[in-house]
Amino acid sequence: MEYESVIGLEIHVELDTESKMFCNCSTRFGEEPNTQTCPVCLGLPGSLPVANEKAIEYVIKSGLAIGCDISLYSQFHRKNYFYPDMPKNYQISQYDLPLCINGHVDLDMDDYETRIGVTRIHLEEDTGKLIHVGGAGRIAGAEYSLVDFNRAGVPLMEIVSEPDIRTPEEAKVYAQKLRAILISLGVSDCSMEKGSMRVDANVSIRPKGSTEFGVKTELKNLNSFRSLQRALTYEIERQKKALEEGEVIVQETRHWDESKNRTSILRTKEYAHDYRYFPDPDLVPMQFDSSWIESLKAEIPELPDERKQRFIRRFGLPAHDANLLTATKAMGDFFEEAVSIYAGDPKAISNWILGDLSYYLNTENLEIDESAITPKHIVEMLKLIDNGTISGKIAKEIFPEMFETGKMPQAIVEERGMTQISGEDEIAKIIDTVLAENAAVVQEYREGKERAFGFLVGQAMRLTKGRANPQLVNKLLREKL
Amino acid sequence: MELYKLTIHEAHEKLVSKEISAREFTESVFSRIDKVEDKVRSYLTLTKEIAFGQAEKVDRKIASGEKIGPLAGIPAAIKDVMCVEGVRTTCGSKILENYVPVYTSTAAKNLLNEGIIMTGKTNMDEFAMGSSTENSRFFPTRNPWDLERVPGGSSGGSATAVAAGEAIFSLGSDTGGSIRQPAALCGIVGMKPTYGLVSRYGLVAFASSLDQIGPFTKDVRDCAITLNYLIGHDPLDSTSVKIDKPDYTKALSDDLKGVKIGVPRELMVEGIDPKVREAVENALEVFGKSGAIVAETSLPNLDYALSAYYIIAPAEASSNLARFDGVRYGYRVPGTEDLMDMYMLTRAEGFGDEVKRRIMLGTYALSAGYYEAYYGQAQKVRTLIIRDFNRAFEEFDVLVSPTSPTTAFKIGEKIDDPLQMYLSDICTIPVNLAGLPAISVPCGMVDELPVGLHIIGKTLGEEMLLKVAYSFEQNFGWNEKPAL
Ligand SMILES: [Zn+2]
């Protein structure tokens with residue numbers, strides 16, 4: 001039977017506000033444990049929350065950016081459950097009155113386009129971090145556990161998609177696109193590594209053409225876009241196999257193990273909490289002016305889709321290139337910076353970014369702004385090609401060193417003596433040598449075998465270790481023959 | 001002269017005129033404490049050292065000719081549910097037996113900044129849940145009028161401290177009557193202001209949408225003075241109201257000409273001890289003398305108030321009290337096997353029966369499948385009750401009733417019958433549900449025990465409320481003290 005998968009994502013994003021969601025503590029990352037705490041975020045008896053207006057603004061802006069309806073009346077609820085990383089044993093979150101509902105993200109999958117619905121965006125507070133000492137590093141079996149409340153109370157935005165995603169690839173593109181949008185808005189740095197962007201996936205499968213939903217599992221511990229895609233691919237296969245072998249899928253939460261490339265059971269539905277949501281009486285309901293919402297709308301900067309269109313219009317890029325270049329804000333910025341200092345064809349820049357640079361970034365699992373290569377590197381390299389100092393082939397050869405060390409291309413070329421030989425006399429001498437050494441081939445060429453010409457060019461390049469200017473070699477060789 | 005018998009306004013004059021010093025005043029109150037505390041047991045913690053330090057400061061101020069405010073140098077007790085930095089704050093619970101807060105509640109801070117002399121932290125029903133102070137996990141407090149009887153609750157210790165002369169005034173908290181009922185049972189003045197008028201920051205929460213801090217005083221003028229310094233917008237409390245601070249003492253006047261006083265019939269009939277009703281009815285005649293118009297009115301949905309309260313308050317409490325888990329502070333049962341064990345044993349030992357009962361009630365009321373039938377329904381009742389009050393206030397300036405359906409009952413009399421105990425707050429609870437201000441003033445005696453008159457005002461109608469209470473107090477002229 002042919003199956004199709006049904007995927008929905010829940011994405012948590014820590015907002016980039018100065019202070020926490022309900023107190024004045026700093027949200028700075030990486031400080032000494034428990035140094036960024038106060039009675040409120042420690043949940044000390046008698047303390048009360050006061051909502052961070054900036055965080056509310058950020059969520060509404062995010063909603064506006066993906067076409068959500070903004071609730072003019074919204075409320076915080078308490079989500080009750082016991083866990084040591086939660087100082088109050090309830091999390092201030094939102095329930096039936098979230099800030100934003102009914103949005104969507106359009107995906108350009110190159111050979112088709114698709115729209116992913118966003119059910120809701122709501123605002124809540126993050127929890128602290130547990131460090132388990134002894135045992136296997138999990139709470140069960142640990143000798144003792146330590147809690148760091150620096151992250152407790154950091155504003156957290158949850159974006160819940162509709163189950164509109166059909167492939168692991170779409171899931172990845174959707175998550176990446178959301179990330180690009182949020183970074184453009186400046187509401188979060190969306191670092192999956194630091195945990196400021198966290199993705200949970202719900203996935204089920206069903207016979208293709210069916211409109212009913214299968215039993216879903218929830219995947220956790222997806223720490224990169226790559227693991228999101230891989231985990232979904234694995235889980236879909238696992239479910240298919242299970243169904244084909246006549247087993248039933250159980251609704252459960254599964255943990256993705258990146259190193260073992262598989263998911264395993266974390267907890268089953270029997271352990272599902274009853275969160276006993278109710279409106280938080282410490283926080284009055286939020287009411288917004290539609291004119292204030294409009295003023296926020298006016299502050300929204302250019303978003304990835306608009307940027308893509310501009311890249312096509314202004315730089316004459318193919319849609320495919322423009323789509324990839326705007327997939328992350330950093331890549332689009334990189335491209336634009338390069339274009340601004342280069343007089344040549346923007347497509348050449350795009351080729352290098354999407355070609356060699358992306359290849360090495362993927363291999364090293366780096367983001368473009370984490371690499372040693374800057375727009376200046378690419379542009380200097382292109383200029384070296386344009387003025388004939390190096391060939392494209394040499395450029396490809398020096399790329400890894402540039403990528404690894406951040407050395408400028410000119411310097412590498414000089415150090416390694418790889419500048420192109422463009423002196424006519426020098427090349428003429430080399431051609432003479434080639435002709436002398438390959439009299440038989442020369443004869444063949446003269447008898448009409450065009451292929452022999454290519455061989456002779458190759459010999460000239462071999463003698464110069466690729467440094468000879470190919471155009472010149474061609475030209476002089478033809479003259480001499 | 002027995003200085004501990006002074007009111008705030010009497011003492012202030014004597015302090016300003018240097019007739020007495022804050023130190024002498026404080027000494028008098030502490031020697032009174034030494035004399036009667038064993039019998040009454042108002043205090044969980046005495047802060048004598050802090051008190052004398054504060055007295056010294058005030059005396060220095062007076063000596064240097066600096067102007068002092070009306071509360072400077074006045075010995076006052078604070079209910080042990082408000083955090084004071086560095087002073088043990090137990091909420092009457094084992095789970096916080098050794099808990100020392102790192103910050104001071106806004107209400108206490110406002111008064112400490114005014115120079116009050118903190119005598120100590122007073123006994124209370126555990127987490128303010130109860131109407132007799134018998135639910136304190138440490139010891140019961142006794143009524144100064146009859147040591148066999150309860151002082152009311154949950155702010156029992158704050159009420160007895162003032163009634164027995166162990167403090168000149170005190171702070172309590174009122175979620176369903178916890179200031180007004182013990183004030184009535186102890187023969188003093190107790191007020192619950194409008195919800196949001198006094199900051200709740202630093203008040204350990206019982207039921208957040210109902211809790212409100214207020215004063216216990218010896219008379220209405222003292223109540224107005226204290227309120228002047230308790231209120232004010234607090235940026236740390238999102239439910240704190242923003243208003244211009246009035247001077248409540250300016251509202252105190254004898255003249256009630258044209259003031260309309262409503263008597264809701266639902267609060268004068270069922271469940272009210274006939275003798276208490278009679279005392280209140282007699283008291284109402286006083287209002288005629290001062291020119292007020294008294295007439296019967298109705299709050300038809302009041303029958304459902306108690307049921308709604310016993311869903312909303314426990315529901316909020318079940319969540320508010322979740323943080324007491326032994327993880328970060330407070331009591332933790334030693335040597336438990338795992339996390340779940342630690343949670344369960346700590347809370348089983350740390351909380352008393354009434355607290356556990358209410359956590360269970362509240363947890364149940366919020367559970368999936370029951371929420372609409374209980375919590376949702378209770379909120380609807382709450383709306384109806386607010387509507388009833390609004391309608392009554394279209395016609396009347398204040399409403400009156402007995403504060404408590406009975407006078408002080410015997411220790412042990414109701415402790416094993418929670419439903420009977422819950423009925424103690426039948427007149428006061430609707431006021432919390434509607435967020436209104438209300439005051440209890442003494443209105444005579446029944447069988448040698450004080451009775452309280454309950455006056456309910458409009459939202460932020462504290463000035464009218466205090467005016468009516470003051471006029472009543474002046475014209476009724478009751479001035480008895482317990483023979484302790
Ligand atoms: Zn904080």
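Guide: Domain bounds here come from an automatic or database domain assignment. This is a predicted model, where local features need pLDDT of at least 70, side-chain atom pairs count only at pLDDT 80 or more, and totals for chains, interfaces and linings use all residues. Residues are numbered from 1 along each chain as its sequence is written, and chains are lettered from A in the order in which they are written.

Visitor: What does the domain assignment of chain A give?

Guide: Domain 1 covers 3-210 + 276-296, domain 2 covers 318-411 and domain 3 covers 424-480. The C-alpha centres of domain 1 and domain 3 of chain A are 65 Å apart.

Visitor: How does the radius of gyration of chain A stand against that of a compact globule?

Guide: The radius is taken over C-alpha atoms, and the globule rule is 2.2 Å times the number of residues to the power 0.38. For 481 residues a compact globule would be near 23 Å, but chain A has 29 Å.

Visitor: Why is one side of β5 and of β15 in chain A left without a neighbour in the sheet?

Guide: Strands are DSSP runs of E, at least two residues long. Two of them pair if DSSP finds at least two bridges between them. The open sheet of chain A runs β5-β4-β15, with antiparallel pairing. β5 (90-93) and β15 (278-279) of chain A are at the edges, each with a single partner strand, so one side of each lacks a neighbour in the sheet.

Visitor: What makes β4 and β15 of chain A a pair?

Guide: 2 bridges join β4 (residues 77-80) to β15 in chain A. That meets the cut-off of at least two. A:H77 stands opposite A:P279 in β15(A).

Terms used:
Helix = DSSP H or I, 4+ residues; strand = E, 2+ residues; numbered from the N terminus.
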